[in-house]
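Subject: Structure for your files

Hello,

Here is the structure you are taking over. My notes on it follow below.

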Amino acid sequence: MNIQRRSYDHPDAVKLNDQVQLEYAARYGDEGDITPLDPTMFAPPRGVYLVAYDDRDRPVATGAWRAQETNDEGYSDGDAEIKRMFVIPEGRGQGLARRILRMLEDDARAAGRTRMVLETGDKQPEAIALYRSSGYEPCEKFGHYRTYDSSLCMAKPLQG
């Protein structure tokens with residue numbers, strides 16, 4: 001696997017984002033994740049957007065983080081929020097999401113972020129299992145979906 005930094009609006013990132021939105025819509029019966037995002041949110045050093053490619057140079061997975069500070073959506077100073085973790089169905093079960101997650105944590109830590117946070121949903125058991133097995137624990141809800149019963153928020157300290 002070849003994992004590259006890309007912009008949020010890179011054609012491969014857009015293609016995979018469209019696929020994950022369809023999966024969210026199917027799982028939750030809605031229009032997908034409507035959290036407002038734009039490419040500047042993932043521009044280093046305040047974030048990063050990764051795209052993984054298979055041995056035939058096809059985009060197969062994404063993962064990103066963006067910096068957050070204390071605000072009215074429940075974030076804290078020093079937060080790095082994970083966004084767009086996704087592996088296409090054919091690429092699952094190979095440890096790719098775990099590899100991307102470690103890269104995101106390392107990058108956020110190097111950027112001085114102190115806590116990795118994420119929001120997922122109760123209809124994504126694979127994601128929940130990945131995060132729990134990677135040291136993430138439930139935390140106070142934050143973000144766009146903080147008032148939704150199906151929303152699950154998790155966090156992991158990055159420093160110390």
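**The largest pocket**

The largest pocket holds about 830 Å³ of space. Of the 36 residues lining this pocket, Tyr24, Met85, Thr120, Gln124 and Ala127 are the closest to its centre. On a 1 Å grid over the protein atoms alone, a pocket is an open set of points with protein on both sides within 12 Å along at least five of seven lines; a cavity is a set where a 1.4 Å probe fits but cannot get out; lining residues have an atom within 4 Å of a point. Grid points are joined across faces, edges and corners, and a volume is the space filled by probe spheres set on the points.

This is a predicted model, in which local features need pLDDT of at least 70 and side-chain atom pairs count only at pLDDT 80 or more, while totals for chains, interfaces and linings use all residues. Residues are numbered from 1 along each chain as its sequence is written, and side-chain values use heavy atoms, with hydrogens and water left out.

At least two lining residues of the largest pocket come from each of α1 (11–28), β4 (79–87), α2 (96–110), β5 (115–121) and α3 (125–133). With seven residues, β4 gives the most to that lining. Helices (H or I, at least four residues) and strands (E, at least two) are DSSP runs, numbered from the N terminus. By class, the lining of the largest pocket has 15 nonpolar, ten polar and eleven charged residues. Here Ala, Val, Leu, Ile, Met, Phe, Trp, Tyr, Cys and Pro count as nonpolar, Asp, Glu, Lys and Arg as charged, and the others, Gly among them, as polar.

**The sheet and its helices**

Seven strands form an open sheet with mixed pairing, in the order β1-β2-β3-β4-β5-β7-β6. Its edge strands, β1 (2–5) and β6 (137–138), each pair on one side only. Two strands pair if DSSP finds at least two bridges between them. Between β4 and β5 the pairing is parallel, over three bridges, and Glu81 has Val117 in β5 as its bridge partner.

α3 packs on the sheet and touches β4, β5 and β7 (151–157), with its direction at about 160° to that of β5. α1 lies across β2 (47–53), β3 (59–68), β4 and β5, and runs at about 85° to β4. Contact means heavy atoms within 4.5 Å. Axes are lines fitted to C-alpha atoms, for helices over the stretch in contact, and angles run from 0 to 180 degrees between N-to-C directions.

**Salt bridges and the cavity**

There are 13 salt bridges in the structure, each a side-chain nitrogen of Lys or Arg within 4 Å of a carboxyl oxygen of Asp or Glu. Asp33 forms one with Arg84, the closest N and O atoms being 2.8 Å apart. Asp33 is in the loop between α1 and β2 and Arg84 in strand β4, 51 residues apart, so the pair links distant parts of the chain.The structure has one cavity of 30 Å³ or more, and the largest cavity holds about 40 Å³ of space. Among the residues lining the largest cavity are Thr35, Arg66, Glu81, Glu119 and His144.

**Backbone details**

Pro44 and Pro45 are joined by a cis peptide bond, with omega about 10°; Pro45 is in the loop between α1 and β2. Asp57, in the loop between β2 and β3, has a positive phi of about 65° although it is not a glycine.
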